[in-house]
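Take a walk through this structure, one part at a time.

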Amino acid sequence: MSAKPVGQQLSSTASALREKQAAHPLGDEIYDALLADLISLRIPPGERLSVDALARHFGVSQTPIRAALIRLESEGLVLQKFNSGFSAAPLPGGDHFRDTYAFRAMIEPELAGLAAARATPEDITALEELCHEMSRLAEESRPDNFGSFAERDNAFHARIAQIAGNQVAAEALSRLYIHSNLFRLRYHATITTSAVSEHLELLDALRSKDAAAAREAMARHLGHSRDRVEPFFIED
Ligand SMILES: [Zn+2]
C-alpha cells in the first residue's frame with residue numbers, strides 16, 4: 001500500500017473546493033470532488049483512500065468522508081475491504097464493457113419508445129435542461145467537468161427509463177452506473193459533443209411522441225457511444 005498522503009494526489013478540483021469552501025464543504029460537494037477525481041483518473045485505480053487523510057484534506061470530520069465513499073462504493077467506483085479500508089475500484093474489463101452495452105441495447109431503446117408516449121411537458125423540460133447543461137460542460141471541456149458531465153448523462157438516461165414507467169427496468173439500469181465507469185477511462189471532447197447531439201435527436205423524437213424514432217435514436221446513440229469508448233478499453 002502506498003504511504004503517500006492521499007491529499008497530495010487529489011486534484012485541483014478538490015483543492016479549489018477546499019479554498020472555496022474552507023469552512024465546511026457539504027457532503028454532496030465532497031462526493032462531487034471525489035467523483036470528478038475518480039472519473040478523470042486523477043485518483044488512479046487501486047489507490048488507497050484514507051478516510052483520515054481525506055478528512056484532513058477537506059477540513060471536515062470523518063463522517064461526511066465515509067458517507068461519500070460509501071455512496072461511491074454503491075456506484076462501483078470505490079471498493080471497501082475488511083481491514084484495509086477504501087480504495088479506488090479497478091477499471092472494468094472489456095467483457096464487462098461489451099456485456100453492459102449489449103444489455104443496454106436490449107432495454108433502453110424499448111424504454112425510449114415507451115417514454116415517447118408518456119412524456120409530460122415537465123419531463124421534456126427536465127430533459128432539455130440536462131441537454132443544455134451537458135452542452136455547456138462539453139463546450140468548456142475541462143477535466144474538472146468529467147464528473148458533472150457523467151452525472152448528467154446518467155440522469156438523462158435514468159429520467160427516460162422513469163418516464164417509460166417500468167420501475168424494475170429503471171432500477172436495473174440505475175445499478176449499472178456505466179457512464180460513471182466509462183468516463184473514468186479517457187476523456188475526449190468528441191465523446192461529449194457527439195453524445196450531446198445524439199441526446200438532442202432523441203429528445204426531438206420524445207417531444208413529437210414518435211415512439212419508432214425514439215427507439216431508433218436511442219439504439220443509434222448507444223451504438224455510437226459503445227464505438228467511441230471501445231478503443232480505450234484494455235482487453236481482459
Ligand atoms: Zn447518453
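Among the elements of the protein, helix α1, residues 6–9, has the lowest mean pLDDT, at 44. Strand β1 has the highest, at 96. This is a predicted model, so such confidence values matter for reading it: where pLDDT is low, the predicted coordinates should not be read in detail. Over the protein, the mean pLDDT is 82. A share of 80% of the residues reach 70 or more.

Two stretches call for care. Residues 1–12 stay under 50 in pLDDT. The model gives them 21 contacts beyond four places in sequence. Residues 18–22 are also below 50. That stretch has five contacts in the model beyond near neighbours in sequence.

Now look at the sheet. It is open and has three strands, in the order β1-β3-β2, with antiparallel pairing. Strands β1 (48–49) and β2 (78–81) stand at the edges. Each has a single partner strand, so one side of each is left without a neighbour in the sheet.

Follow the pairings one by one. Strand β3 covers residues 85–88 and pairs with β2 over four bridges, in the antiparallel sense. Here L79 stands opposite S87 of β3. The hairpin of β2 and β3 has three residues between the strands. In this hairpin, N83 takes a positive phi near 75°. Strand β3 also pairs with β1, again in the antiparallel sense, over two bridges. In that pairing, F86 of β3 is the bridge partner of L49.

A helix joins the picture here. Helix α5, residues 62–74, lies across β1, β2 and β3. It runs at about 105° to β2.

Next, turn to a pair of helices. Helix α6 (residues 94–118) packs with helix α12 (residues 211–229) at an angle of about 150°. Their axes are 7 Å apart. That angle makes α6 roughly antiparallel to α12, because angles over 145 degrees count as such. The crossing of α6 past α12 is right-handed.

Which residues make the contact? From α6 come Y101, R104, A105, E108, P109, E110, A112, G113, A115, A116 and A117. From α12 come A211, A214, R215, A217, M218, A219, L222 and R226. Sorted by class, the contact of α6 with α12 has 13 nonpolar residues, one polar residue and five charged residues.

Note on methods:
Residues numbered from 1 in each chain as written. Predicted model: local features only at pLDDT ≥ 70, side-chain atom pairs only at ≥ 80, totals over all residues. Axes fitted to C-alpha atoms, helices over the stretch in contact; angles between N-to-C directions. Parallel < 35°, antiparallel > 145°, perpendicular 65-115°, else oblique. Left-handed = near helix turned anticlockwise from the far one by under 90°. Contact = placed C-beta atoms within 7 Å. Nonpolar A, V, L, I, M, F, W, Y, C, P; charged D, E, K, R; others polar. Pairing = 2+ DSSP bridges. pLDDT = per-residue confidence, 0-100.
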